[in-house]
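Welcome! Please take a look at the model below, and then we can walk through it together.

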Amino acid sequence: MSVSTAPSLQLTDYLEKLPGTTFRKLYQQPSTAFAIFRRMLPQLAKTFVMRMLFMPKPMLLHDLELWVRPDAKRQKDQALSILQAFHIVHITAPSRDRPQEMQLSPNFKTSMRLALTGGGTHQSFGVPSNLTVPTEIDINFLDRYAKKKWEDILHFVVSSVGYKSSAEANGPNKSVKELIISGRLVDRRPGGGIGITQAGFTFLLQEANAQVWTLLLLWLEAMDNNREAGLEAVDMLSFLFVLASMELGRAYDTNALTEQRRNMLPSLVDFGLVHVPHHKRSMFFPTRLATTLTSGSSSSLRSISEGVTAATTAVQTSGGPLGSTEKGSVVVETNYRVYAYTHSTLQIAVLALFCKLTSRFPDMVAGRLTRASIRQAINFGITADQIIAYLAAHAHEQMHRTALQTAKPVLPPTVVDQIRLWQLENERMKTTVGFLFKEFEDHKEYLAIAGFAEEIGVLVWRSDKTGMFFASKHEQIRDYLRIRKKAE
Amino acid sequence: MPRAIRGVLVECDPAIKSIIVNIDSDNHDYIIEELDEERVVIKENMVAALKAKLEERLAENHPDDESGSE
């Protein structure tokens, strides 16, 4: 069973890995400073930033304690560590003769002031185009466009298995496909096809906003490894933040962009973040996928189709998880039958990953969970828990109602248990790669070396009776053996 | 000087282990060392092949469950 080790990337993890110099560059752009402030900081950290923003001099770290109630010390420390991780505040090193001081880092302070009070000629929130906008391009058009592009991408992630969708013919651009493959969201399988990986399934379960970021970060990393393309990750990232601050439905001037950023546009078009009209190449429209990049940061599970809908049609006000108001569509019965009231081909394709679908009606599909279908899913690297989580997150409201009335879990426990058992069945042997050590000169040598292996934590199994042991690594043991030989 | 042999430790229940030994008995090209009732060390490049063979053997004993009511 091939389990992908690539974790799904998150913006926070990515940013925290960047060095301080990168942050200094990023913060030269007011839009970036503002976006990080808006999306990445918890409320308390925002409060700190706002109170310190117009202070002429550094403040004493000690004074911060006056701002926060003693019982909220944990939240305060958390906020401070985030601010430091993003290089927003700078705290002087502790020393005996001077108390510790803190201040906002200069670039962040300047940019943040500019973002809030206006002024400057930084143009970092985009330059609107003066040309007349083609009449057919309105917000509805852009939403449909973005939704189509993004669904194509999601289709590509799922379409290769089970249910054959028509997306293959007009799926996403080749470069996007390559990106998804190199990001290990899907695997090339022997026989020319591709199949979803565990990381890919995790990707599907994310809400749309997190999905967009996952893909964008994959792109940034790919560009970082490929210098020849002439794109620099820092500038790309700050351009994404610029896009995020733009207004939906408005045309922006392509010629006001640097050449590097103009080169990014084709890829952004492929992702559905930007629309460039065919006959007017000098203007571009950010879509809702782009303008919502920095709003809301909930990472709750949400249905794929609704995730897209929420990102592409709903109003932008929502910051919190919408899970409770969404309508689930999947009914699971105790006899392993599954009914899904949906006409989204995407959701059907996801179900087909672990369900044996038997019939399809205009707005409903029916199928069964079988041993074979679950095993197939597990072979793709999807875990039983992921399947259960998916079914639970998409349970039809009737399932919730019945569960509430009878005070029972939403999904039938027999089905949940059986899915887990089917997974266990597939893991009949546990394998560990390593080295078998045997034929020791005497039992004393065996005991000493097995003892050493145990101490350094590489010992997997030992049998004192036969004088053999199995270790996961051998380098340190080899060195230890040499030293022992010399000592004799 | 002791010997260190590269391989993969397989831990499973005795029933599975006896199937593995049985698979190996044809050509003796899987197992490096039988350790005890629940453990064998096998060659690293044969893991995938062994898993496939094991699946095959198990499938023989598992009637297809697709025949249930649809």
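Among contacts in chain A between residues at least 6 apart in sequence, what percentage join residues at least 24 apart? The figure is 67%, where a contact means heavy atoms within 4.5 Å.

Before going further, a word on how to read this. This is a predicted model, in which local features need pLDDT of at least 70, side-chain atom pairs count only at pLDDT 80 or more, and totals for chains, interfaces and linings use all residues. Residues are numbered from 1 along each chain as its sequence is written, chains are lettered from A and ligands numbered from 1 in the order in which they are written, and side-chain values use heavy atoms, with hydrogens and water left out.

Chain A has 488 residues, and 48% of them count as buried (under 20% relative accessible area with a 1.4 Å probe, protein chains only; exposed is over 50%, partly exposed in between). Its 22 helices and 15 strands are DSSP runs numbered from the N terminus (helices are H or I, at least four residues; strands are E, at least two).

Now to the inside. In soluble globular proteins, nonpolar side chains tend to be buried together. Here the largest nonpolar core has 124 residues; such a core is a set of buried Ala, Val, Leu, Ile, Met, Phe, Trp, Tyr and Cys residues joined through side-chain atoms within 4.5 Å. A:Ile88, A:Leu268 and A:Phe354 have the most contacts inside this core, and helix α12 of chain A (residues 233-244) gives the most to it, with ten residues. Beyond its neighbours within four places in sequence, A:Leu268 touches residues including A:Trp219, A:Phe239 and A:Val274. A second, separate core has 17 residues, among them B:Val8 and B:Leu58.

Next, find the open sheet of four strands in chain A, with antiparallel pairing in the order β9-β10-β12-β11. Strands β9 (330-332) and β11 (356-361) of chain A are at the edges with a single partner strand each, so one side of each has no neighbour in the sheet. Inside the sheet, β10 (residues 337-340) and β12 (residues 364-368) of chain A pair over four bridges (pairing requires at least two DSSP bridges between two strands). There, A:Val338 stands opposite A:Gly367.

Finally, how confident is the predictor? Its per-residue confidence, pLDDT, runs from 0 to 100, and chain A averages 79, with 85% of the residues scoring at least 70. Residues 1-9 of chain A fall below 50, and residues 297-326 of chain A stay under 50. Where pLDDT is low, the predicted coordinates should not be read in detail.

Terms used:
pLDDT is the predictor's confidence in each residue, from 0 to 100.
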